[in-house]
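This report goes through a few local features and then turns to how the chains sit together. Please keep the sequence and the structure in view while reading.

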Protein chains: 2
Amino acid sequence: MTRVSRRRLLGTGALTAAGAVVTAAAAPPAGARTAPLAAPLDASLTADVVIVGAGLSGLTAARDLVAAGRSVIVLEARERPGGRVYGMPLGDGTTNEGGAEFIGPTQDRIAALAKDMGVDTYATYNEGKNVYYRDGKRSLYATDGLLGAVPPDWGVVDLELALLKLGGMVQQVPVGEPWKAAKAEEWDAQTFHTWSRSNSLSGGARFLMDAFASSTLSMRSQEVSLLYLLNYAASAGNEANPGTIDRLINTKGGAQESRFVGGSQEVPIRLAARLGDIIRYNAPVRSIATGSGGVTVTADGVTVSAKRVVVAMSPAIAGKIDFSPGLPASRAQLMQRYPMGSVAKFVAVYDTPFWRADGLTGQAVADSGAIDATFDNSPPDGSRGILMGFMNQANMRKLDAAPSAEVRAAGLDSFTKLFGDKAANPTLTAFQRWDNETWSGGGPVGVAPPGALTAFGPALREPCGPIHWAGTETSGYWTGYMDGAVRSGERVAKEVDAAL
Amino acid sequence: MTRVSRRRLLGTGALTAAGAVVTAAAAPPAGARTAPLAAPLDASLTADVVIVGAGLSGLTAARDLVAAGRSVIVLEARERPGGRVYGMPLGDGTTNEGGAEFIGPTQDRIAALAKDMGVDTYATYNEGKNVYYRDGKRSLYATDGLLGAVPPDWGVVDLELALLKLGGMVQQVPVGEPWKAAKAEEWDAQTFHTWSRSNSLSGGARFLMDAFASSTLSMRSQEVSLLYLLNYAASAGNEANPGTIDRLINTKGGAQESRFVGGSQEVPIRLAARLGDIIRYNAPVRSIATGSGGVTVTADGVTVSAKRVVVAMSPAIAGKIDFSPGLPASRAQLMQRYPMGSVAKFVAVYDTPFWRADGLTGQAVADSGAIDATFDNSPPDGSRGILMGFMNQANMRKLDAAPSAEVRAAGLDSFTKLFGDKAANPTLTAFQRWDNETWSGGGPVGVAPPGALTAFGPALREPCGPIHWAGTETSGYWTGYMDGAVRSGERVAKEVDAAL
């Protein structure tokens, strides 16, 4: 809901002149702005480290490397920071979270960063019951957990047994190194779909396990390695609290527990503002050349020579860069095997959050329609109502070539089925598609199909000479989340600083 | 074994001057050379059609479009034509097939092209017995078919039943449109590994089904969608002869039945020579921009404006090109979901094909060592002996960072275990790795993991405005083979000609 000025997004200056050496003051205090720099187009710059991507991972790495006294240039393809964290314009001068949105317990590193940036959090609206829509029938269930969603029949037992088994497997995954699990080979040889069908019999249990994959990964369960999914749940924790499926999927006590005042994008926007003019926008990186003296990174309008480069991007999108000499096969082929999910966020704005008066949380899960999961995305004071729905996997793909009006109609049709006729007449709608967004290529996260993690997993993080890898996909804890992005930035900054 | 001059590979001239319109004579007779052209570096060219990639698919498309009277420019990243068809230098001035090699029955289109180019074929050496190496034990078996390889125990029945079932499923796949199979959803939800374990019990049967995936796709069975594998077998035929597993894997009567005199690369080399100077080498395409007037294709050193573009590359490698505006999500995300296999071909040259005297074909299958499948790659007259071994999937990855000497030692160790001590002392060795080859990114073919074909399959061939897609991955029959590449070139040429 924050008004974001274009000026703020673009920063206030440009970079150093051709050939200038950019050196940060030794270990400036956290929060210090580096000196403004000025450069023409097609600038040629030099720094200790060049970072590709001004998402949360790249920005965090830049923050820590600047604090360590290193000179840093950040190259960002878009005209804004944040990557998959984005305040989607609603058309009335305000924004709503169009990408990564929530924060929950054990997400310590994004919490610390937000606190440092002065961005407060508040509870996701979660009072009342959730909507369950399946086989054309709408029913209500108590909030939180997959179990509450199953009608009171033997399906409850079916799902409970499957989740107990799955939870036990989650505990056996070494966080961030799933390929080292004792049963890694067995689990990486099958899809989550295969496992869920072998370990449940009821339609209800199977639907909710598919919804689990769809709502967390924006993929069908057919596309996901069982090992990847187990690791995703194992990563939903911190050093003191092992990851669990519940913490991944729940609102209260889980990853969707809270939101950021002003929207999640406030965190990268403020961090980028603090870093200042070491960030160069509208500078998509086209090539990374490695030589004896370090790296040469060429982006539209700027070339940076540096000792080390941090590629803070998802593997699939990093794969678009031309590396010379070519990367080792383990890394090059990993980047062919880590596709992004298919997702859009669709929001509708109403004068009031009318569903609250109906005793509903605004949360729903559905087996049909364009939207299969929803949340109440209203502002903290509830001064107006905003419903948000995910268009995930096959639902998203069906709308691939659809004009905006058709996407809008499909979204409102879903909201109306789930929350009643009042949902049919919003004052505003907006949506953010990620699957046809060039610089993300999908969302929320890169996902491994069967056979990829056991064969190529270590290449996620292993540096290739002076090329280091960051991004939420490389994180042990909270991979796929903003917390994982921050963790990856902190990890890679230490790695690079030690190597310099 | 042909001596290939650099001049021949590079062609004899350059392209038209900046801005020149390249127009082929209307419908020149097949085999006619287009007029030589001359251009400086950073040329700006215009044509009806620009083709990206001078592999067999791109060259075939160029041949047919030129024959239809269209002006054509072909941009090739490498300094040679052929793509995944390559004569690997042995270091003594001769070459041996380092990439696609064989031709078999029903591969009518590559056969017709080779005939037109004056390239003859001869039978792959196939006299005697094959070597079966498993659990450290070496045994011999009658040639051809997976069945012959199983020791005479109940495993024969086990494998036979599994293959019967698999063969029945193959018949239910609509060639080139596997996503339309009645059971497409079920088959695309699982890996071939899942299916093979559910439908066999013996170690022997399971090993040979894994070897099937490895030797045909250079992937572990864990990585491959069952639906993709079924389609691969369904594609091993022609309009009159439905595809079968046997035709895919056999030497006699199958895809490995014959070889080309002088090596398979003679076909693209001669076709490229006939096309002449419309091919520009060392011109990797970096971007394709679509506008109202057609397309602008920018490569290193040359920009081509055209009405239509044919991207004749595997989906994964086509994904490295920067498309503007961005491609539809269905195509953009398909290119994230079609990884290449991991493969090298390793050859050792001996004074004589000594294994023939031992009653061996030179063909072997092994469960350990760097090489899991071999062939006799000797010249037609047997004047010297050449053993060829595939380093596939995990075996290839283990050697990712290995220096050449280590790869050589591993390859010779395999040959010695399979063919005896005489194999330890070759006069020459050579190998061609494809997985760390920038312009192929692996081989032999792009493979779909579970969930990809049913969700994204149609995007393999569907044009995106003026952008058309070719490459063996887009072929119905013989996808993954040279024949499929030629078929795809012929199909796309018709498609483009009709659209112009």
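A:Pro444 belongs to the loop between strand E19 (428–433) and helix H16 (452–456) of chain A. Helices (H or I, at least four residues) and strands (E, at least two) are DSSP runs, numbered from the N terminus. The model is predicted: local features need pLDDT of at least 70, side-chain atom pairs count only at pLDDT 80 or more, and totals for chains, interfaces and linings use all residues. Residues are numbered from 1 along each chain as its sequence is written, while chains are lettered from A and ligands numbered from 1 in the order in which they are written.

**Backbone angles**

Most residues other than glycine have a negative phi, and most peptide bonds are trans. A:Gly443 and A:Pro444 are joined by a cis peptide bond, with omega about 0°. In chain B, a cis peptide bond with omega about 0° joins B:Gly443 and B:Pro444, and B:Pro444 is placed in the loop between strand E19 (428–433) and helix H16 (452–456) of chain B.

A residue is buried if 20 or more other C-beta atoms lie within 10 Å of its own, exposed if 12 or fewer, and partly exposed in between; C-beta atoms are placed from the backbone.

| Residue | Phi | Other C-beta atoms within 10 Å |
|---|---|---|
| A:Ser218 | near 55° | 28, buried |
| B:Thr106 | near 75° | 21, buried |

A:Ser218 is in the loop between helix H7 (203–217) and helix H8 (226–234) of chain A. B:Thr106 is in the loop between strand E5 (102–103) and helix H3 (108–117) of chain B.

**A hairpin in chain B**

Strand E7 (residues 129–134) and strand E8 (residues 137–142) of chain B run antiparallel and are joined by 6 bridges. Two strands pair if DSSP finds at least two bridges between them. Across this pair, B:Tyr133 stands opposite B:Arg138 in E8(B). The hairpin has 2 residues between the strands, and B:Asp135 takes a positive phi near 55° there. Is E8(B) largely in the open or buried? Of its 6 residues, the number buried is 0, so E8(B) lies largely in the open.

**An exposed proline**

B:Pro403 lies in the loop between helix H14 (393–398) and helix H15 (404–419) of chain B. B:Pro403 has 9 other C-beta atoms within 10 Å and is therefore exposed. Its C-alpha atom is separated by 48 Å from that of B:Ala240, 163 residues apart along the chain.

**The two chains together**

How many residues of chain B are in contact with chain A? There are 37, and they meet 37 residues of chain A. Two residues are in contact if their C-beta atoms, placed from the backbone, lie within 7 Å. On the side of chain B that touches chain A, the elements that give two or more residues are helix H6 (192–198), helix H12 (329–334) and H14 of chain B. H12(B) gives the most, with 4 residues.
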